[in-house]
Amino acid sequence: MEILRTVESVREWVRRQRAQGRAIHFVPTMGYFHEGHLSLMRRAKADGGAVIVSIFVNPLQFGPHEDYARYPRDFERDRQMAESVGVDAIFYPEVAEMYPEGFQTEVRVKELSKPLCGKSRPGHFEGVATVVLKLFNIVTPDRAYFGMKDYQQLRIIQQLVRDMNLPVEIVPCPIVREPDGLAMSSRNVYLSPEERAAATVLYRSLQWAQEQVAAGERNAHALREGVYQRIAAEPLARIDYVEVVDAETLQPVERIERPTLIAVAAFFGTARLIDNTLVSP
Ligand code: AMP
């Protein structure tokens, strides 16, 4: 497995892979790996081709009062985990390699960046879209793998690819959960044991909504209210949002008539956790 620290070394590595007739399969991450990340890498590997993973805690996507400085980082641990699933290369750039002095361009996917996390994290998705576009231009992947845990991010990247005619296939991958249902996240390390136990309320509430839809509930307001009340009943949870939106446009719906996303965000202590589930009539 090769460790690449510069844009030029990635370009050179990609040229070598393509010369051997290998497709480039790319998994962008911020590191501090868990099974969610590894599931993307395994899928990229299983699809054939050379697998390259980026590890970059992107300062552009963090707000001034967010957790950029304390975001968990452990390159050596990540290196070993990536190697264990057969990753071929890691792109691990310094901030100055991605944003040299004088950097000033940002991309914005206008409508999809507004609702859900876009409301409480102004500028976040501009940071995401900008870094992903840069990474795509550096790596030139044939396929790129994104987790549905960050569903809004996935939709924004799909729109970016379509709007900018990027020659990459986006592969959505299912949410990987702990045995008790908590969605895996690098940010779960922020949770105290009490908060960790309380955080399962997100998944339990989404499961409740799934069951309601399976039993015939079609009223989005009733589903939102039910999920909201369940999370609000947990004293350690502070809700940011609970929304029932169209899975494509991310706009609120009144009835479950098409694929619909139920998305939640809540603070447990200082950790802001997100989760979601797709429901269909
Ligand atoms: P991050 O390092 O948190 O930016 O995540 C990198 C990629 O891993 C993104 O495409 C995420 O959606 C994906 N990911 C993170 N957590 C999970 C999870 N629990 N299940 C599936 N994919 C995940």
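Mentor: We can go through the domains, the ligand site and then a loop residue.

Trainee: Great. What should I know about the model before we start?

Mentor: This is a predicted model, where local features need pLDDT of at least 70, side-chain atom pairs count only at pLDDT 80 or more, and totals for chains, interfaces and linings use all residues. Residues are numbered from 1 along each chain as its sequence is written, and side-chain values use heavy atoms, with hydrogens and water left out.

Trainee: OK, how is the protein chain divided into domains?

Mentor: There is domain 1 (2–173) and domain 2 (186–276), with bounds from an automatic or database domain assignment. Their centres, taken over C-alpha atoms, are 26 Å apart.

Trainee: And how many residues are in contact between domain 1 and domain 2?

Mentor: On the domain 1 side 22 residues are in contact with 19 residues of domain 2, where contact means heavy atoms within 4.5 Å. About 1,800 Å² is buried between the two domains, 54% of it on carbon and sulfur atoms. Buried area here is the accessible area (1.4 Å probe) that two parts lose on being put together, summed over both.

Trainee: Which residues in domain 1 lose the most area to domain 2?

Mentor: Those are Arg70, Leu116 and Tyr151, together 33% of what that side buries.

Trainee: How many salt bridges are there between domain 1 and domain 2?

Mentor: One salt bridge, meaning a side-chain nitrogen of Lys or Arg within 4 Å of a carboxyl oxygen of Asp or Glu. The side chains of Arg187 and Asp67 meet in a salt bridge at 2.7 Å, N to O.

Trainee: Switching to the ligand: which residues come nearest?

Mentor: Of the 18 residues around the ligand, Met30, His37, Asp150, Val176 and Met184 come nearest; a residue counts as near if one of its heavy atoms lies within 4 Å.

Trainee: What do His37 and Asp150 reach on the ligand?

Mentor: A polar side-chain atom of His37 lies 2.8 Å from an oxygen atom of the ligand. For Asp150, a side-chain N or O atom is 2.7 Å from an oxygen atom of the ligand.

Trainee: What about Val176?

Mentor: Val176 uses a backbone N or O atom, which lies 2.8 Å from a nitrogen atom of the ligand.

Trainee: Last one: where does Tyr32 sit?

Mentor: Tyr32 is in the loop between strand S2 (24–29) and helix H2 (35–46). Helices (H or I, at least four residues) and strands (E, at least two) are DSSP runs, numbered from the N terminus.

Trainee: Which residues is Tyr32 in contact with?

Mentor: Setting aside neighbours within four places in sequence, Tyr32 is in contact with residues including His37, Asp78, Ser186 and Val189. The C-alpha atoms of Tyr32 and Asp78 are separated by 6.1 Å, though the two residues are 46 residues apart along the chain.

Notes:
A polar contact is a pair of N or O atoms within 3.5 Å; within protein, one must be able to donate a hydrogen and the other to accept it, and residues adjacent in sequence count only if both atoms are side-chain atoms.
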